[in-house]
Amino acid sequence: MENSSLRVGMLAPISWRVPPRHYGPWELVVSMLTEGLVQRGVQVTLFATADSQTKAQLKAVCPRPYSEDTKLDAKVWECLHIAHAMEHASEFDILHNHFDFLPLSYSELVKTPMVTTIHGFSSEKIIPAYERYQHSGHYVSISDADRHPQLRYAATIHHGIPIQDFKPRTTSGGDYLLFFGRIDPEKGTHEAIEVAEAAGMELLIAGIVANEDYFAREIEPRLGNGIRYIGSVARKDRSALLAGARALLHLIDFDEPFGLSVVESMACGTPVIARNRGSMPEIIEDGKSGFLIQTTDEAIAAVRRLDEIDRADVRARVESRFDVSRMVDDYLTLYKELVGQGK
């Protein structure tokens, strides 16, 4: 099947714009995939917020992201948004759902095959919805680690990033450590502070405050003396921030499905010190592109071993595995298999 004859309806979340202005990992992946498909000549219609930016055809009913405009009722606009995409389902060869489990309830009411990228499970409570529709839908996991044992999958497709947008610093590391992500207990912001203090290094904390109580209790009182919170960072500023770091501290306390900031850091030649959970062993090569650790003490010891890492090699390993073109290729292959099989 030629790319130019393939018609894809891409269903994005509407919590944030596509692409996001600052935070919005699911919306970012949707944007990268959509634009990559358009570059390949695929006919893509993006269902997203009306202020989204894309070279695909944009269809929208929700005027703005509801996480940016609290006057919008999230549930109302989610219903209208999903219904809008389903009402156009017959126009496509494939519907690609990035909206979690809610669109699955429509999947047996439309004839168009639905691919659902599962960006992670918020809890076990949502599994019944995925179980109910797994034989009529086609699920994609974003890492092997995030596959649920009760579900059937069509593929595992790791995220990719536009490698060329990240300028590497491959000669030597900077003089600060970096925490980059939403500020929440499960992301290990407080542990990053502990590591930086023990190592005697400056720590920059970048990201949205996802848990206000946690920030006020555990983070804000410790700011100063080399610990700085710099807020959310625009995409255009990410490369310089990541490249300038000695290492990214990713001391997660949950089984993270993927980790875009981890790949972005390595694309800048910056090694990652991460807790060995979830997808981290699939992304980080221990001793080559960073260090996989379990405890805070091990993370402190890893900071002292950063000179063992070749930053040019860190960049090279990401180029070969996590460029966005590979992600687009993988999804194109899956789409064509499903269309060819009449599924």
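Let's start with a salt bridge: the side chains of aspartate 253 and arginine 277 meet at 3.4 Å, N to O. Aspartate 253 sits in the loop between E11 and H7, while arginine 277 belongs to the loop between strand E12 (272-275) and helix H8 (280-283), so the pair ties together parts that are 24 residues apart in sequence. On the solvent side of things, aspartate 253 is partly exposed at 48% relative accessibility, and arginine 277 is partly exposed too, at 26%. Keep in mind that what you're looking at is a predicted model.

Elsewhere, salt bridges that share partners join Arg21, Asp51 and Glu68 into one network. How many salt bridges does a search of the whole structure find? The count comes to 25. As a general point, side chains of opposite charge can pair when their charged atoms come close.

Two other pairs deserve a look. Arginine 238 forms a salt bridge with glutamate 264, and the closest N and O atoms are 2.6 Å apart. This pair links distant parts of the chain, with arginine 238 in helix H6 and glutamate 264 in helix H7, 26 residues apart. Is this pair buried or exposed? Arginine 238 counts as buried at 10% relative accessibility, and glutamate 264 counts as buried at 0%. Then there's arginine 64, which forms a salt bridge with aspartate 69, with 2.8 Å between the closest N and O atoms. Here arginine 64 is partly exposed, with a relative accessible area of 39%, whereas aspartate 69 counts as buried at 13%.

Now for the helices. In helix H10 (residues 311-321), the residues Arg311, Val314, Arg315 and Val318 are buried. Why do they end up on the same side of H10? They cover an arc of only 95° around the axis, and that puts them there. The spacing follows a general rule: an α-helix has 3.6 residues a turn, so residues three or four places apart point the same way. The cover over the buried residues of H10 includes helix H6 (235-243), strand E11 (245-250) and helix H7 (260-267).

Helix H5 (residues 212-219) can be read the same way, and its buried residues are Tyr214, Phe215 and Ile219. Looking down the axis of H5, you'd see these buried residues fall within an arc of 100°, so they line one face of the helix. Among the elements covering the buried residues of H5 are helix H4 (189-199), strand E9 (202-206) and strand E10 (227-231). H5 also has an N-terminal cap: asparagine 211 places a side-chain oxygen 3.3 Å from the backbone nitrogen of aspartate 213.

Next, a few individual residues. Glutamate 78 lies in helix H2 and is buried, with a relative accessible area of 10%. The residues that glutamate 78 touches include Ile14, Tyr66, Phe99 and Leu102. Glutamine 134 lies in the loop between helix H3 (127-133) and strand E6 (138-141), and it counts as buried at 9% relative accessibility. A polar atom of the glutamine 134 side chain lies 2.6 Å from the backbone nitrogen of arginine 152. Proline 162 has its place in the loop between strand E7 (155-156) and strand E8 (176-180). Proline 162 is buried at 11% relative accessible area, and its contacts include Met32, Asp323 and Val324.

Valine 61 is found in the loop between strand E3 (57-59) and helix H2 (74-87) and is partly exposed, with a relative accessible area of 31%.

Finally, some backbone geometry to check. Valine 18 and proline 19 are joined by a cis peptide bond, with omega about -10°; proline 19 is in the loop between strand E1 (7-11) and helix H1 (25-39). Aspartate 100 has a positive phi of about 65° although it is not a glycine, and it counts as buried at 16% relative accessibility. Asparagine 225, also not a glycine, has a positive phi of about 55°, but it counts as exposed at 86%.

Terms used:
Residues numbered from 1 in each chain as written. Predicted model: local features only at pLDDT ≥ 70, side-chain atom pairs only at ≥ 80, totals over all residues. Heavy atoms only, no water. Buried < 20%, exposed > 50% of the residue type's maximum accessible area, 1.4 Å probe, protein only. Helix = DSSP H or I, 4+ residues; strand = E, 2+ residues; numbered from the N terminus. Arc of directions from axis to C-beta. Contact = heavy atoms within 4.5 Å. Polar contact = N/O pair within 3.5 Å; in protein donor to acceptor, adjacent residues only side chain to side chain. Salt bridge = Lys/Arg side-chain N within 4 Å of Asp/Glu carboxyl O.
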